Amino acid sequence: MRALGALRGVVERVWLVAAVVVLWELVTRAVDETYFPPPTKIIDALHELWFSGPASHVFLTDKAVDDFSTSLTHLFVGWALAGAAGVLAGAAIGRSRVLYDLLNPVLEFLRAIPPPTLVPFFIIVFQLGTTMQVVTIAFGVVWPVLLNTCDGVRTVDPLQLETARVFGVGRLRRLLTVTLPAASPKIFAGLRVALSFALILMVISELFGSTAGIGSELIGAQRSFELPRMWAGIVMLGLLGLMFNAVFMLLERRLLSWHTGAKRLAS
């Protein structure tokens, strides 16, 4: 029965996607528009470009190893730096009413600046290369983490903090064992949003002077008018985003299961 229920759940989730793909195939075949190739051509380009390698390399081509390793390294390094900086700064600002009132307008101003508009500035300061790409990603995705952490820290139940203080728990230990765990749902929400933004900024940063990476492949295919390859890059980005979100939500549920259980007990 469990297997049947699981199969039914899978069918309910994928039937619409399958229907859209079939409709896309039929319409694009009928219209025969160069700019919108059918899914079968996109899948062929995807296979030839990245997944036609030997079985010993998990069917990845040399280009796939080069592109994926470059892009994902930039993405995860930038995201991790932004996550660490956002949690540290957000916790510090959220714990201080004075700091929050002083810095909140500045943070909101910086958050409102579209990161792509700063790419020319980052190119001048850091030159073209890995540093510029990582900084672009980190600057663009730090704000959801920082602001969510700040908000989460500010909304921690004062009774919990006062109880810890009465029992002689020091400030650092109180931060690590009371404040951050209580704020962790909002912190994880910020990290999840930041991961989605990081994928977008990864592509944008690779459009400028990069010779490897998914973004570089996209702009190269567009310039050479190889539209199935360009669409293959777009589909690959969508699949990566879907996979990242699914894995992150699974980890979030596992790591925050104690928090959900505590809320149920409290209610």
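Me: Buried means under 20% relative accessible area, exposed means over 50%, and partly exposed lies in between (1.4 Å probe, protein chains only). Which residues of α9 are buried?

Reply: The model is predicted: a local feature needs pLDDT of at least 70, side-chain atom pairs count only at pLDDT 80 or more, and totals for chains, interfaces and linings use all residues. Numbering starts from 1 along each chain as its sequence is written, and side-chain values use heavy atoms, with hydrogens and water left out. Helices (H or I, at least four residues) and strands (E, at least two) are DSSP runs, numbered from the N terminus. In α9 the buried residues are Ile 214, Gly 215, Ser 216, Glu 217, Leu 218, Ile 219 and Ala 221.

Me: Why is α9 called largely enclosed, and which helices cover its buried residues?

Reply: 7 of the 10 residues of α9 are buried, so the rest of the structure largely encloses this helix. Its cover can be read from contacts, meaning heavy atoms within 4.5 Å. The covering elements include α2, α3 (62-95), α8 and α10.

Me: Is Glu 217 buried or exposed, and what does this residue contact?

Reply: Glu 217 is part of helix α9. Its relative accessibility is 4%, so Glu 217 counts as buried. Setting aside neighbours within four places in sequence, its contacts are Leu 49, Trp 50, Lys 63, Asp 67 and Arg 229.

Me: How accessible is Gln 222?

Reply: Gln 222 also sits in α9, which covers residues 214-223. Gln 222 counts as partly exposed because its relative accessibility is 41%.

Me: How far apart are the centres of domain 1 and domain 2?

Reply: The chain is divided into domain 1 (1-33) and domain 2 (41-261). Such bounds come from an automatic or database domain assignment. Over C-alpha atoms, the distance between the two centres is 30 Å.

Me: How much space lies in the largest pocket?

Reply: The search uses a 1 Å grid over the protein atoms alone: a cavity is a set of points where a 1.4 Å probe fits but cannot get out, while a pocket is an open set with protein on both sides within 12 Å along at least five of seven lines, and lining residues have an atom within 4 Å of a point. Grid points join across faces, edges and corners, and the volume is the space filled by probe spheres set on them. For the largest pocket this comes to about 400 Å³.

Me: Which helix gives the most to the lining of the largest pocket?

Reply: The lining has 13 residues, with Val 17, Val 21, Trp 24, Val 235 and Leu 239 nearest the centre. Domain 1 and domain 2 each supply at least three residues. α1 (2-31), α2 (39-50) and α10 (227-255) each bring at least two. The most, 6 residues, come from α10.

Me: What classes of residue form the lining of the largest pocket?

Reply: Ala, Val, Leu, Ile, Met, Phe, Trp, Tyr, Cys and Pro count as nonpolar, Asp, Glu, Lys and Arg as charged, and the others, Gly among them, as polar. By class, the lining has 12 nonpolar, 1 polar and no charged residues.

Me: Which residues does Leu 107 touch?

Reply: Leu 107 belongs to helix α4 (residues 97-112). Its relative accessible area is 10%, so Leu 107 is buried. Not counting residues up to four places away in sequence, Leu 107 touches Ile 93, Trp 143, Leu 146 and Leu 147.

Me: How much of residues 230-251 is helix?

Reply: UniProt, in an unreviewed entry, lists "transmembrane region" for residues 76-100, 121-146, 187-209 and 230-251. UniProt positions follow the numbering used here, feature names are shortened, and annotations may be inferred rather than shown by experiment. The end C-alpha atoms of residues 230-251 lie 32 Å apart, and the helix share of this span is 100%.
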